[in-house]
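I shall go through one structure with you, beginning with the whole and then turning to its parts.

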Amino acid sequence: MQETPFFVPRLPWRDIIAPNGSPLPEGAAAFGAALRDTGFAVITGAPFRGDLLETNYRLMREVFDRGAERLQEECSHPEIGFQRGYMPTRTEFGLRCGGDPDDKEVMAFGSYHNVGVAAVPGYLDAAQQYYAACQDVGYALMHALALYLDPVGSERGYLLGLFRDGDGRRIDDSHMRHIRYPGTAKRMACEHTDSNMLSLLPAATSRGLEVRDTRGRWIPVETEEGDLVVNAGDMLNFISGGKILSTLHRVENRFNDPTRFRHSMPFFYHPDHTQELKILDSCATEPAERRMFPHSSITGYALLYELLSSYKVIPPEVSLAQWTDSMEHLKNHGF
C-alpha cells in the first residue's frame, strides 16, 4: 500500500471564520483535522496585519544592530526568564540537539508591560500593533477549535474561559518574539515543540522552517506572501488529551553567509496562566501515547515553568513559586 505523502494543509481563513467572527463548522473541522494529523496548517487571508511585517522587520534590524552588550544593559530581564526584552544568543538550549544552545538573539513581548528601545522610535508601537492583531486571530481560531474538540458544546465555555476573566473580558498571557539568526549559525533553532496553545508565524525574511513528519523526515514549510503558518503547542496537546499534535519543528541555516541574517517574528498564543488546564472530557478517550504529559490537571504557569526550565531559560535556582510571583508582579505592577 502506497504511503500518503506528508504535507502541511493550506486553508483559507474565510472557510474557517465567518465575516461576523463565528467559526464555520466545515472549516473548523478542516482546521482541527490539520492540527490532529500534522500539527501544522498554512492559513491564507488571515487578518494578522501583514502590512506591518516590513515595518517590524526594518525596526528590529535597527534594534539588533545596536549590539548585544548595549541591549543587555538597556533591556534584558533574565529574572523573568527573558519573557520581556532582550535575550542574548546561545541562551536557550535545544535538549534534542545534544544540549547545544541555539544561535539566535531575541526581543520578547507580552500582553502587558513591554520593553522599548528609546533609540529606535516607533519600534515598540509597531510590535504592539502587530501583537494585538495576532491576539485577535488566536482568539478566533480557538473558537474554531472549541467547535472541533467539543461538538456537543458542554465544555466550550471552559475552553474559551481560559482566555477570559470573570467578567468575560479577554485576557491572555501570550508571548511574541523578534528573532535574529546569524548566517554563521551551526543551527538556528534546534528541533523543539512550542509550549503554548497556538503559534502564529508570518513569513520570515528567508526560508529555513522545517517540520518533522510521522516517519522522522524533515519537511520544509513553504509559504507565499500573506500566508500565516499556524501550529499547535504543548498546552493544546495537553487539554486535547493528545488529539492535537504538538509537532517537532526546527529552523535550519539555508545560506551559511556571515554577512546575512534571518529575521522572524512568531507569536505564541497562551491562555491566562493562572487558570487550571485539564483534559477535556470530550478528548479523554484519546490514545495515551499521543499525550506529552502525565498530568491530569496543571496551571498554565506550572506547565510553562516546566518547559522553560527544560530549555534552561529559567535559572535552576528560581523556583516555580518565585517565577510565578515575579510574572504576576510584572502583570499587575510592571518592573
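Let me begin with the basis of the description. This is a predicted model, in which local features need pLDDT of at least 70, side-chain atom pairs count only at pLDDT 80 or more, and totals for chains, interfaces and linings use all residues. Residues are numbered from 1 along each chain as its sequence is written, and side-chain values use heavy atoms, with hydrogens and water left out.

Now to the protein as a whole. It contains nine helices and 15 strands; helices (H or I, at least four residues) and strands (E, at least two) are DSSP runs, numbered from the N terminus. Along the principal axes, the C-alpha atoms fill a box of roughly 55 × 50 × 40 Å. How does the radius of gyration agree with that of a compact globule? For 335 residues, such a globule would have a value near 20 Å, and the protein, with 19 Å, agrees with this. The radius is taken over C-alpha atoms, and the globule rule is 2.2 Å times the number of residues to the power 0.38.

Next, the surface and the interior. The accessible surface of the protein is about 14,400 Å², and 51% of it belongs to carbon and sulfur atoms; these areas come from the Shrake-Rupley method with a 1.4 Å probe, and for residues only the protein chains shown count as cover. Of the 335 residues, 56% are buried. Here buried means under 20% relative accessible area, exposed means over 50%, and partly exposed lies in between (1.4 Å probe, protein chains only).

Contacts tell us how the chain is brought together. Among those between residues at least 6 apart in sequence, 76% join residues at least 24 apart, where contact means heavy atoms within 4.5 Å. As for charge, there are 34 positive and 45 negative side chains, and the centres of the two sets lie 4 Å apart. Lys and Arg count as positive and Asp and Glu as negative, while His and the chain ends are not counted; the place of a charge is NZ of Lys, CZ of Arg, CG of Asp or CD of Glu.

I turn now to the strands. Two strands pair if DSSP finds at least two bridges between them.

Please look at strand β5, residues 175–182. Seven of its eight residues are buried. Strand β4, residues 105–110, is joined to β5 by six bridges in the antiparallel sense, and Phe 109 has Met 176 in β5 as its bridge partner. β5 also runs antiparallel to strand β12, residues 261–264, with four bridges between them; there, Ile 179 stands opposite Ser 264. Two bridges join β5 to β13, again antiparallel, and His 175 is opposite Phe 268 in β13.

Strand β13, residues 267–269, leads us on to β7, with which it pairs in the antiparallel sense over three bridges. In this pairing, Leu 198 is partnered with Tyr 269. β7 is also antiparallel to strand β10, residues 227–232, through five bridges, and Pro 202 stands opposite Leu 228.

Which residues of β7 are buried on each side? On one side they are Leu 198, Leu 200 and Pro 202, and on the other Ser 199 and Leu 201. Five of the five residues of this strand, 198–202, are thus buried.

Strand β8, residues 209–212, also has two pairings to show. With strand β9, residues 218–220, β8 forms three antiparallel bridges, and Arg 212 is partnered with Trp 218. The two strands make a hairpin with five residues between them, and Gly 216 in the turn has a positive phi of about 85°. Three antiparallel bridges join β8 to strand β11, residues 249–251, where Leu 209 has Val 251 as its partner.

Finally, two residues in helices. Beyond its neighbours within four places in sequence, its contacts include Thr 193, Asp 194, Met 292 and Leu 307.

Arg 61 belongs to helix α3, residues 53–64. With a relative accessible area of 30%, Arg 61 is partly exposed. Apart from residues up to four places away in sequence, Arg 61 touches Glu 54, Thr 205 and His 263. The C-alpha atoms of Arg 61 and Ile 179 are separated by 9.6 Å, although these residues are 118 apart along the chain.

Thank you for your attention.
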